[in-house]
Every structure is written in structure tokens, then in C-alpha cells.
Amino acid sequence: MKRLWSRLSVLLLFTMPLLLTGCGERYFVLNSAGPVARVERNLIYTSIALTLIVVIPVIVLMFYIIHRFRDKPGNDAPYEPQWSENKTLEIVWWGIPIVIIGILGTLTVRDTFRLVRPPANVTGKPLTVQVTSLNWKWLFQYPEQNIATVNYCAIPTNRPVRFILTSNAPMNSFWVPQLGGQEYTMPGMAMRLWLQADHPGKYFGSGANFSGRGYAHMKFNVVAKPEGGFQQWVNQVKSSAPALTVSGYHDLTKDSVMKETAYSSFPPGSFERIVRQEGGMYMKHKLTEATD
């Protein structure tokens with residue numbers, strides 16, 4: 001009976017991590033919905049596989065050594081206190097990790113540079129969305145469509161989206177796990193992040209940095225629609241939503257929590273002013289490059 005409980009304990013120890021991960025639809029990182037997220041997911045899988053090449057043998061050897069050389073009456077394991085080195089083993093346990101690190105480094109550099117460019121094999125013109133993190137809400141501006149939203153944004157499917165990110169509040173981090181990695185939003189800087197959705201759907205997004213007592217409300221949805229549905233949404237916003245004025249934007253900058261809101265227009269050049277008011281004037285070249 002004691003041995004049975006011991007085996008059940010070991011089995012539970014190994015299965016618990018799998019159960020605690022909650023491998024369902026809300027396990028966002030591995031449920032990729034676009035080419036950017038797939039590149040990052042594949043890099044995660046590759047990293048795990050390469051790491052297990054070292055971790056699994058080490059764990060197996062640890063249990064074997066503990067069992068084989070434990071202090072027990074009648075144990076016939078050889079006692080060799082003068083053993084000092086084994087060149088073959090030295091080459092194995094130094095050589096394999098070095099090769100793994102080299103492979104991981106090469107793949108990480110390759111994918112990092114790949115993700116700062118538009119997704120490969122794109123067919124449509126990229127859509128630009130300017131994002132500003134505020135306390136405690138997200139403002140999305142569409143410079144080509146001249147509309148804006150708060151705490152949600154719509155994008156067309158199968159079309160690359162260039163998010164230009166800044167902050168008019170403490171530094172934060174823009175993250176849509178199913179579409180790709182995160183990028184920081186910082187006052188006075190215009191950062192860039194490429195994302196793309198393969199299928200229509202509603203994708204969870206949030207701020208990934210703590211930014212005060214309203215941090216828990218810095219969540220938003222990215223709604224992916226077919227190209228026709230996206231154009232219909234733009235027309236609906238332009239015809240039914242109020243305009244975002246300078247005074248209205250000033251109210252958004254105050255510490256507050258908001259529901260999803262849309263605006264039929266916004267003051268021209270407002271995003272560039274947000275960037276420059278916190279020192280962006282010294283980064284004119286980078287701002288122009290990011291918004292081109």
C-alpha cells in the first residue's frame with residue numbers, strides 16, 4: 001500500500017503542471033491566430049524541445065543515482081573515491097549545451113529580425129492603427145479612416161496591421177497574445193508592432209505592465225472582420241459616433257475607467273502631438289519612419 005501511494009504521488013507530481021496550465025481556449029499564447037503569433041509559438045516549442053534534451057536526461061540520472069548509490073544495507077554499488085574526471089563525459093555534458101545554445105541563439109536572432117518587418121506573403125496594403133496608452137484605457141486612432149475608438153479596435157483579416165504605439169501616461173505594454181508578442185508604450189517615443197489575424201474573431205488584449213490602481217481595467221478586444229465587414233464598421237462609426245474633440249481627449253487623459261467607445265473623427269495630428277509633448281521632438285526622424 002505504501003508503495004502504491006508513493007507511485008501515485010510521483011504520477012501526480014508530473015501531471016500537475018499539465019493540469020495547472022489550463023490547456024483550453026484561454027491558453028492564449030499557444031493558440032496562435034496569425035502569422036506573427038505562429039512564428040513566436042514555433043520558437044517557444046523549439047526552445048522547449050531543445051531544453052528537454054538536457055533536462056530529461058539530468059532528471060533521469062538524478063533519480064537513478066539517488067536510487068543506485070543510496071546508503072542502504074546490502075547496496076553493492078562500487079565506491080570509487082579517487083574518480084576525478086572522464087574526458088568523454090566532459091565533452092558530452094559541455095558540448096551538447098553549447099550546441100543547443102548556439103541553435104537557440106541563431107533561431108532567436110532570425111525570428112526577432114523577421115518580426116520587425118511585415119508578415120511574409122502579404123497581399124493587401126497594411127492598415128495603420130495609432131495606439132496611445134492612458135490611465136486606465138487604450139485609445140486607438142485610424143489615421144487613414146479618421147476614426148478613433150477606446151478599449152477596442154477592429155481590423156481586417158488576412159491583412160497586416162502596423163500598430164504605432166506611444167503613451168500619455170506611465171509606461172505600459174501592448175499585448176494581444178493570440179496575434180503576436182508585446183511591445184512597450186513609452187511617453188515621447190513611437191514604437192512599432194506588426195500583427196495580423198487569419199480568421200474573424202475577438203482577440204483578447206491587455207496592458208502587460210502594472211500602471212497603478214486602475215491597471216486591472218486596461219483590457220481591450222481586437223475584433224477581426226473580413227475586409228467588407230471592416231469597411232462597414234468604419235462607415236457605421238463615421239455615421240453614428242460623436243467626434244473626439246481636443247477637450248474630449250483632455251478628459252480621456254484623466255485617471256478614469258471607460259467602456260468601449262467610438263469616435264467619428266479626431267483632431268488632425270493629435271497622435272504626433274502626443275509623442276512630441278514628452279520629448280518626441282528629439283526623435284522626429286524615428287517618428288516619421290514609424291508612421292510612414
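Trainee: Which residues does F163 touch, not counting residues up to four places away in sequence?

Mentor: F163 touches V129, V131, C153, I155, F174, M191, R192, L193 and L195, where contact means heavy atoms within 4.5 Å. Please note that this is a predicted model, in which local features need pLDDT of at least 70, side-chain atom pairs count only at pLDDT 80 or more, and totals for chains, interfaces and linings use all residues. Residues are numbered from 1 along each chain as its sequence is written, and side-chain values use heavy atoms, with hydrogens and water left out.

Trainee: And which residues touch the most other members of the largest nonpolar core?

Mentor: In that core of 36 residues, they are F140, Y142, I155, F163, F174, L179 and W233. A nonpolar core is a set of buried Ala, Val, Leu, Ile, Met, Phe, Trp, Tyr and Cys residues joined through side-chain atoms within 4.5 Å, and buried means under 20% relative accessible area (1.4 Å probe, protein chains only).

Trainee: Which elements each supply at least two residues of this core?

Mentor: Strands 1 (127-134), 2 (137-142), 4, 5 (161-167), 8 (191-195) and 10 do, as does helix 4. Helices (H or I, at least four residues) and strands (E, at least two) are DSSP runs, numbered from the N terminus. A second, separate core of 10 residues includes L139, A148, V150 and F266.

Trainee: Turning to the sheet, what is the strand order?

Mentor: The order is 4-10-9-6-7 in an open sheet of 5 strands with mixed pairing; two strands pair if DSSP finds at least two bridges between them. Strand 4 (152-156) and strand 7 (182-185) are at the edges with a single partner strand each, so one side of each lacks a neighbour in the sheet.

Trainee: In which sense do strand 6 and strand 7 pair?

Mentor: Strand 6 (residues 172-175) pairs with strand 7 in the antiparallel sense over 4 bridges, and N172 stands opposite T185.

Trainee: Now the helices: at roughly what angle do the axes of helix 2 and helix 3 cross?

Mentor: The axes of helix 2 (residues 35-68) and helix 3 (residues 87-115) cross at roughly 175° and come within 10 Å. Axes are lines fitted to C-alpha atoms, for helices over the stretch in contact, and angles run from 0 to 180 degrees between N-to-C directions. Helix 2 is therefore roughly antiparallel to helix 3 (an angle over 145 degrees).

Trainee: Which residues of helix 2 make the contact?

Mentor: V36, V39, E40, L43, T46, S47, L50, I53 and V54 do.

Methods: Angles under 35 degrees count as roughly parallel, over 145 as roughly antiparallel, 65 to 115 as roughly perpendicular and the rest as oblique. Buried means under 20% relative accessible area, exposed over 50%, partly exposed in between (1.4 Å probe, protein chains only).
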